[in-house]
Amino acid sequence: MPQRPFRFLDRRADRPAASNENDAGWLRYRHLKVEAVIFLLVLVTFAAVLGKSALTRQALELTPGSTQFAGYAFADDETGGRSTVTPDPDRPMAWSCEIRAGVTYPYCGYGLLLNLGSKARGLDFSRFQTLTLRLYWRGEADRLKVLVKTAPPAALRGRLGDLDVPLATEVSVSPGANTIVLPLDRLEPEQWWLTSHGLSRRDVAPAFSDVRAIAVAVSGAQPGRLAASMDSVRAEGVQLSDEQWYLIILGVWLVMIGAFLVHRLLGMRRDFETRQRQQADEALALSDARIAAETANAAKSQFLSHMSHELRTPLNAVIGYSYWLSRGNLDPKQRTAVDAIRSSGEHLLAVITDILDLAKIEAGKLDLQPVAFDLATCLAELDQMFRLRAEEKNLDFAVAMAPEVPSQIVADPKRLRQVLINLLGNAVKFTDAGSVTLRVERLEGEAGQTARLRFTVEDTGVGIASDQLDAIFRPFEQVGDASRHAGGTGLGLSITRQIVETMGGTIGVDSTLGRGSRFVVEASVGLTQARRAPQQIA
């Protein structure tokens with residue numbers, strides 16, 4: 001039969017890869033939550049940037065059409081002067097004034113009264129920072145006084161009662177349209193008012209939570225006629241600066257991210273604790289299962305050991321008496337019956353031996369007992385054992401040991417003999433024409449006290465399909481023609497592989513359906529000091 005490369009079998013069973021569909025879905029869900037949080041943060045930030053002005057900038061505007069004030073005019077004629085002021089009856093917030101000499105400080109002006117009603121509060125300007133006046137001015141005077149009257153501070157209520165506190169500052173004007181932007185923190189109590197009440201500037205802290213009036217006045221100007229009209233008085237303020245606003249946004253980001261990280265951390269902790277509990281439960285279940293399996297395995301091994309002893313004893317008696325009967329004078333019918341008894345007993349004894357060996361392998365109790373023995377003698381015994389069977393089927397049978405193979409080796413002769421018997425028995429059984437050959441060779445690469453030997457069993461039998469090569473080494477598996485399975489248990493090759501692997505060797509097979517098979521066993525054996533010339537086996 002042509003020589004072809006063979007492959008060694010992997011003893012590990014093929015395991016299907018586990019599907020990760022559920023894990024992938026869970027990961028996608030977790031990533032979706034992260035993306036949703038990030039999108040929400042970006043959306044909140046975008047809305048905060050766009051809505052900053054609406055959320056932080058405050059404004060209050062008084063125009064001629066507003067109903068939040070009542071106009072009033074004032075002049076020094078109230079204190080003995082001769083100046084006069086005349087409000088425009090057709091245009092609110094417009095007036096004319098004529099400054100006349102005759103007093104030390106002549107003045108006139110126009111104001112907006114904000115606390116309408118006897119018990120009403122004024123307007124709250126505490127959230128504003130600037131006061132903007134838009135007015136049209138005619139006259140020789142180039143300076144105006146802006147006056148804001150507020151309620152007295154709480155600390156001075158007992159002393160001042162409900163008197164207004166005048167806060168004022170001077171601003172420059174020019175004929176025509178003027179826009180005056182006045183920071184409220186520039187307003188200070190008027191000195192004449194502080195003197196008249198025995199106070200200092202440190203005693204009166206400006207407070208704009210209750211603004212009662214806003215007025216524009218001319219004082220100390222040269223005599224002459226003046227006229228003014230106000231288009232609007234606008235109070236504006238920003239509750240938060242840009243820096244403060246963006247710090248708040250950053251704080252919101254940090255709080256949300258921190259909350260999310262804490263949530264994730266707690267979730268990871270819960271998952272970890274859940275996995276720990278699951279692993280502890282699984283470990284406990286595995287421990288219980290291992291103890292149960294060991295107990296069952298020990299019981300099985302004990303049962304098989306007892307059963308093998310109980311079965312072998314009567315079987316040996318049956319086989320022995322069948323041999324004794326076959327030596328007597330029997331007619332052909334009786335001899336056929338005795339031979340059937342003997343062959344059946346031998347077959348049953350072989351089955352019991354195989355099952356016991358399999359039980360030892362599964363229990364991990366297959367021990368080797370290496371001793372020094374003559375390999376050539378062992379091969380000669382195998383030749384005598386199988387030659388007659390091969391000749392009965394008209395097969396050419398040969399056992400050949402290469403000259404470089406040492407005759408004296410150290411190994412377990414019983415197990416090595418069992419391996420070769422299983423392989424040769426299958427070869428003869430599944431070969432109808434041609435030959436069966438056992439060759440022993442020494443491989444290169446090992447020296448000293450060990451040698452690597454190769455045992456090749458080759459036949460020209462029915463062969464094995466390529467998709468069935470792995471199955472032949474599994475327990476109770478039989479392939480090929482069912483008619484040839486009679487008398488077999490499917491344990492021989494499984495036990496053979498286990499023995500070879502226990503010896504530290506390998507077993508491989510190469511086969512073609514209809515053309516034959518080649519089994520190759522490679523194993524390392526020990527060498528003895530005494531070496532004999534190799535025996536050539538016919």
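Is the crossing of H7 and H8 left-handed or right-handed? In this predicted model, local features need pLDDT of at least 70 and side-chain atom pairs count only at pLDDT 80 or more, while totals for chains, interfaces and linings use all residues. Residues are numbered from 1 along each chain as its sequence is written, and side-chain values use heavy atoms, with hydrogens and water left out.

Helix H7 covers residues 375-392 and helix H8 residues 413-429; helices (H or I, at least four residues) and strands (E, at least two) are DSSP runs, numbered from the N terminus. The two helices pack at about 25 degrees with axes 11 Å apart, where axes are lines fitted to C-alpha atoms over the stretch in contact and angles run from 0 to 180 degrees between N-to-C directions. H7 is therefore roughly parallel to H8, a term for angles under 35 degrees. Their crossing is right-handed, that is, the near helix is turned clockwise from the far one by less than a right angle.

Turning to the strands, S5 (residues 94-99) has 5 of its 6 residues buried, so this strand is largely enclosed by the rest of the structure; buried means under 20% relative accessible area with a 1.4 Å probe, protein chains only. Strands pair if DSSP finds at least two bridges between them. S5 pairs antiparallel with S4 (residues 84-87) over 4 bridges, and Thr 84 stands opposite Glu 98. In this hairpin, 6 residues lie between the strands, and Met 93 in the turn has a positive phi of about 65 degrees. S5 is also joined by 6 bridges to antiparallel S13 (residues 224-238), with Trp 95 opposite Ala 228.

Notes: Buried < 20%, exposed > 50% of the residue type's maximum accessible area, 1.4 Å probe, protein only. Parallel < 35°, antiparallel > 145°, perpendicular 65-115°, else oblique.
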